[in-house]
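Student: I have a structure to go through, and I want to know what the labels rest on. Could we take them one at a time?

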Amino acid sequence: MLYEKGRRHTVSFTLNDTPVSGEAEPRMLLTDFLRHEIGLTGTHVGCEHGVCGACTIQIDGEPARACLTYALRMEGREVRTVEALADDDDALSPLQQAFRRNHALQCGFCTAGILMTLDAWLKTHPNPTEQEVRETLSGNLCRCTGYAAIVRAVMDFVREGRHA
Amino acid sequence: MAFRHIGTSPERVEDAALLTGRGRFMDDLPVPAGALHAAILRSPHPHADIRGIDAAAALALPGVAAVVTGEHVKALTRPFLVGVRSPIDHYPIAVDRARYVGEPVAVVLARDRYVAEDAMELIDVDYAPLDAAVDPVQAMDADAPVLHTANGSNLVSERTFDYGDVEQAFAAAAHVVSIETVFPRSLASPIECFGLIAEYDPHEDVYDVLTHFQGPFAIQPVMAMALQVPSSRLRIRTPPDSGGSFGVKQGVAPYAVLMAVAARIAKRPVKWIEDRMEHLTAAGSATNRVSTLEAAVMADGKVTALRWDQIEDVGAYLKAPEPATLYRMHTCMTGAYDIPNLAIRNRVVVTNKTPTGLNRGFGGPQVYFPLEQLMRKIGGVVGRDPLSIIRRNLVAPSRMPYKTPSGGVLDSGDYGALVEQALLEGNFADLENARQRARRAGKLYGIGYAACIEPTISNMGYITTVLSRQERERAGPKGGAQATATVAVDPLGGVNVSISSTPQGQGHRTVIGQVVADALGVAPDVVRVNAELDTGRDPWSIASGNYSCRFAGAVAGAAWRAAGELRTRLARVAAAKFDCPAELFDFRDGKIIHRENANIGIDFKRLAGESHWAAATLPSDLPQALSVTEFWSPDVLQPPDDEDRINGSAAYGFIFDFCGVEIDRMTGQVKIDRYISAHDAGRLLHPAMADGQSQGGFAHGLGAALMEELAYDADGGFLSASLADYPMPTACETPSVQIVHRETASPVTPLGAKGIGEGTTMSAPVCLANAVADALGLEQIDLPLRPAKLAAIIEARRL
């Protein structure tokens, strides 16, 4: 599809199991669209060049950098953000609980991206080793924790947390 | 008193919101109607005169409201106050001349950020490039390009200090051992960049800035003076959440001034969010430093004197509170050692680089890097292992509180005992065996150590040590470190606490809940803590904020004391009600109960309600309000004395680290086999969070040691503007550290706590450097220890 520079175009997709629709210029980043057009601010912007991973969301079930994605490209896609992880009664998911139990976050700014990376990955890797967890986390920067508690939380989740 | 909550590690009250995307960070907050979005055009040149700025094309772009330049800002502000007596005019934007790559040159205000950035590209700046001063030593040469012509040279401060009898100690020494080190620039760089919303009310002449500024709030009057208003007319408010800072968000201050003026000029609120490239280029930096350190050493390795020569590179301007990085450690330049004689020469130099500022460790890494490499080198000279040199020189527990030659008072601790405990719990013997095995197998394996003092709760007067005694007398005495907390009980017995500690992820609300719950004998969920700060409404002082590891000792201590006073008041209300002495009431399980007669007692909630609803029945001599604000500052923090001695911090933790590393012979990559970090940070209020601070502090130290450098080329060009050029440690490079604790309560702080957030950032760079030097058979090595550099050494030395 061809989009006209400088003009706002309509885009419709599924966001956290709910249909959404909005307008964006072709150059509008998905991060800006989610945060400032839709108003879901849980997805954070850390570098806008795809390195830090703070903006990681899931597109059709796969982790992706929202800061490297144009909003209009989401037409017809399925997008999930951190806001979808807890259930309808606001109860934390088992992975979120494992993070809280293990003090796996401090400032919490990178946390959404880390959760979205892990949430997708753990579905296909239910019994990872610590080294595999570290390698998976290597696309998400955290400056507070030194990762130790994050790795511990994931291993805790793998061992028992998912049944909590 | 026995604690029920202090010293335990409950889940944090902060976490549920942060885990579900409900955090309220700067860019998540509502924007005032009509707000403009700012983009900053920055200098591509390290040093250039600005001959003209043509913004006509930018202003013609639809959606652009204004373009603000140095000329506009200069008309409405005064230069920032500078901590030394040198003529340096520092505005938050370049005025006539740009002095570092990334210095703001123009601010575009537009209807959204996209348009603002479009307009930025349409601004035509006529630069006349000048030669740059880049290396701090060369910047002092007579023919070096001078940044601030009014100062005549790039040397902006020089002081010498002499404590004890240094000459005699060197004359009597068996050995004189010296080292010269070059410590590079790095940035603790939080994942959330700077952000703010600024407004101006022309009728009341009030600037209002909402930003995650982290203090010290001593900078608030500096900002107000720049804006030419009284402090009361610069209102700074902080958002509920801040995405990390590690000192760095102190650096938002000049931008707050810049955008406040921009809002005034545009007559509209202004929002600005910094991007990562701007952040790496211009947010701030740790200082780079060239140090020469000499030790007078006895035959057995006992050090009797140190002679320091430090050249501090603060970048293009002396941004408040600099040169604090240099003077924070002045009080403990002898480290963890009992060394009676000390001489220091300090020079502060400006160069064409980003101005420096607060950065985790703040001065510690720069000092321990030469000091702990020197201790290792002394071992080589006297023929003993480095560990025995550390043991030989540590301050003995019998000397506590130990007065350092430069005036520091190391308050408590048994350093030697912690070293032995760490070696035992960290299985040091096994590490030595690992080294032996690895070396026998032909591998490059080394062990490193570092023993450090972690100063916590900075004395607001230490920076005045940069001034002469006469200059200090003229300026008036400065000392102390007031922390504030307000504890209030509401009519239903709920407890509200507010603190001026501006957390950025350290769980302050959780810890204060624990502390106040223990003080009042209520459950932690009865206590609600607000850590947002509003300088127009809340109690605060110049020391407010989150830096120098002051929270656990000072802020939690202030909350403890405020709650204690409230408890005393409530006990007196109960005493009047039951007609018995107030001292006999215990506060526990949400009740106030007579210690000797359990039949006498009342629910906390009920007594609180009566105090509100029946205020007239309270004892007439009792302060009525169930609200107490405590300002706490320890007596030990006095201004510098006439001999330039200063106790720079209220309490001092001790750290002993050791590690084993293996270096890949082919690639030069450092692999950390094991890292042990032992701390005595006084009483731990929340041990799991304390461990988190150590692990995180280690990661920053590791980054600075192995990969991070804000690098400049010889002409002043900046080489590290993206995360590809400024690699930060990931989970793969950051091993989990084994943490060892020993808790010696500080006699200075109300709860006996000291800080713990910066220690391992101070110790890890030199501990890793010592291990790498051991592996490669070198006397010393400079940072960062990147693979290419180590591979070249391996090849050159045919290892």
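Student: Which strand of chain B does B:Asp680 lie in?

Tutor: B:Asp680 lies in strand β27, residues 670-680 of chain B. Keep in mind that this is a predicted model.

Student: Why is B:Asp680 called buried?

Tutor: Count the neighbours. B:Asp680 has 26 other C-beta atoms within 10 Å. The cut-off for buried is 20 or more. The count of 26 meets that cut-off, so B:Asp680 is buried.

Student: What is B:Asp680 in contact with, leaving aside its neighbours within four places in sequence?

Tutor: Its contacts include B:Gly413, B:Leu418, B:Phe654 and B:Arg742. A contact needs C-beta atoms within 7 Å.

Student: How far apart are B:Asp680 and B:Ile53?

Tutor: In sequence, 627 residues separate them. In space the separation is 56 Å, C-alpha to C-alpha.

Student: What makes chain B agree with a compact globule?

Tutor: A compact globule of 799 residues would have a radius of gyration near 28 Å. Chain B has 27 Å, so the value agrees. Its C-alpha atoms fill a box of roughly 85 × 75 × 55 Å along the principal axes. Buried residues make up 60% of chain B.

Student: How many helices and strands does chain B have?

Tutor: Chain B has 20 helices and 28 strands.

Student: Why are β4 and β6 of chain B said to stand at the edges?

Tutor: Start with the order. An open sheet of three strands runs β4-β2-β6 in chain B, with antiparallel pairing. β4 (97-98) and β6 (124-129) each have a single partner strand, so one side of each is left without a neighbour in the sheet.

Student: How do you know that β2 and β6 of chain B pair?

Tutor: Count bridges. Pairing takes at least two bridges. Strand β2 (residues 48-54) and β6(B) have six, so they pair, in the antiparallel sense. One bridge partner set is B:Ile50 with B:Tyr127 in β6(B).

Student: What order do the strands take in the open sheet of four?

Tutor: The order is β21-β20-β19-β25 in chain B, and the pairing is mixed. The edge strands are β21 (527-530) and β25 (627-632), each pairing on one side only. From one strand to the next, the twist averages 15°.

Student: In what sense do β20 and β21 of chain B pair, parallel or antiparallel?

Tutor: Parallel, over four bridges. In β21(B), B:Arg528 is the bridge partner of B:Asn496.

Student: What makes helix α6 of chain B mostly covered?

Tutor: Seven of its nine residues are buried. Among them are B:Ile219, B:Val222, B:Met223 and B:Leu227. The buried residues of α6(B) pack against β10 (206-211), β11 (234-237) and α7 (253-266) of chain B.

Student: How many residues does each chain give to the contact between chain A and chain B?

Tutor: Chain B gives 44 residues and chain A gives 43. On the side of chain B, α1 (15-19) and α18 (687-706) are the elements that give two or more residues. The largest share, seven residues, comes from α18(B). The residues on that side divide into 19 nonpolar, 17 polar and eight charged.

Methods
Residues numbered from 1 in each chain as written. Chains lettered and ligands numbered in written order. Predicted model: local features only at pLDDT ≥ 70, side-chain atom pairs only at ≥ 80, totals over all residues. Buried ≥ 20, exposed ≤ 12 C-beta atoms within 10 Å, placed from the backbone. Contact = placed C-beta atoms within 7 Å. Rg over C-alpha atoms; globule rule 2.2 N^0.38 Å. Nonpolar A, V, L, I, M, F, W, Y, C, P; charged D, E, K, R; others polar. Axes fitted to C-alpha atoms, helices over the stretch in contact; angles between N-to-C directions.
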